[in-house]
Amino acid sequence: MSRTHGLISILLFTTSLLLGLTALIIESPYLGLGYGFLIIAGTLGISFFYCAKCPVRLTRCSHIIVGPLTRLFPERQSDQYGKLDYTVVIVILLFLIISPQYWLWNNITLLIGFWTTLLLAGLEINRFVCTRCDNTRCIACKKRT
Ligand code: SF4
């Protein structure tokens with residue numbers, strides 16, 4: 001069940017980023033290309049810095065596709081998360097969210113769509129994914145004792 005919500009949250013988050021990408025492409029294809037590169041690099045960055053330390057990444061990843069992406073990287077020593085891991089993920093997410101804001105304000109429909117899907121994704125993750133995820137090393141995991 002958490003995988004269903006994990007999939008829904010990934011689809012919502014992806015939709016949000018694609019709406020941001022659309023706003024940038026309308027302004028300039030080059031800006032869109034740059035943001036598209038950021039989305040891909042950010043996804044790989046999160047997979048490498050965060051998911052590679054997840055004990056369930058290849059078996060029960062709540063977000064279905066992010067964990068298996070770690071197969072692209074060399075094996076990392078699985079360990080507890082540190083400040084650097086959390087900081088990198090937060091910076092990447094903030095960068096992806098903040099980057100298209102200036103251009104989204106030129107298109108109110110895309111702006112509303114971006115924030116609606118983003119907030120719904122956050123709600124899904126907080127209410128239904130983190131509560132059932134088996135990555136007990138993660139600070140957001142509600143199964144941590
Ligand atoms: S469960 Fe979370 S931390 Fe673990 S691989 Fe999936 S997305 Fe990454």
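Mentor: Start with leucine 110: leaving aside neighbours within four places in sequence, its contacts are Leu19, Thr22, Ala23 and Leu104. Contact means C-beta atoms, placed from the backbone, within 7 Å. This is a predicted model: local features need pLDDT of at least 70, side-chain atom pairs count only at pLDDT 80 or more, and totals for chains, interfaces and linings use all residues. Residues are numbered from 1 along each chain as its sequence is written.

Trainee: Which residues touch the most other members of the largest nonpolar core?
Mentor: Ala23, Leu24, Leu104 and Leu110, out of 19 residues. Such a core is a set of buried Ala, Val, Leu, Ile, Met, Phe, Trp, Tyr and Cys residues joined through C-beta atoms within 7 Å. Buried means 20 or more other C-beta atoms within 10 Å of a residue's own; exposed means 12 or fewer; partly exposed is in between.

Trainee: Which helix gives the most to this core?
Mentor: α1, with six residues. Helices here are DSSP runs (H or I, at least four residues), numbered from the N terminus.

Trainee: And which α5 residues are buried?
Mentor: Leu110, Phe114, Ala121, Glu124, Ile125 and Val129. Down the axis of α5 they fall within an arc of 105° (taken from the directions from the axis to the C-beta atoms), so they line one face.

Trainee: What's exposed on the face turned away?
Mentor: Ile108, Thr109, Ile112, Leu119, Leu123 and Arg127.

Trainee: New topic. How many residues surround the ligand?
Mentor: 13, the closest being Cys51, Cys54, Arg57, Cys61 and Gly67. The cut-off is a C-beta atom, placed from the backbone, within 6 Å.

Conventions
Helices (H or I, at least four residues) and strands (E, at least two) are DSSP runs, numbered from the N terminus. Two residues are in contact if their C-beta atoms, placed from the backbone, lie within 7 Å.
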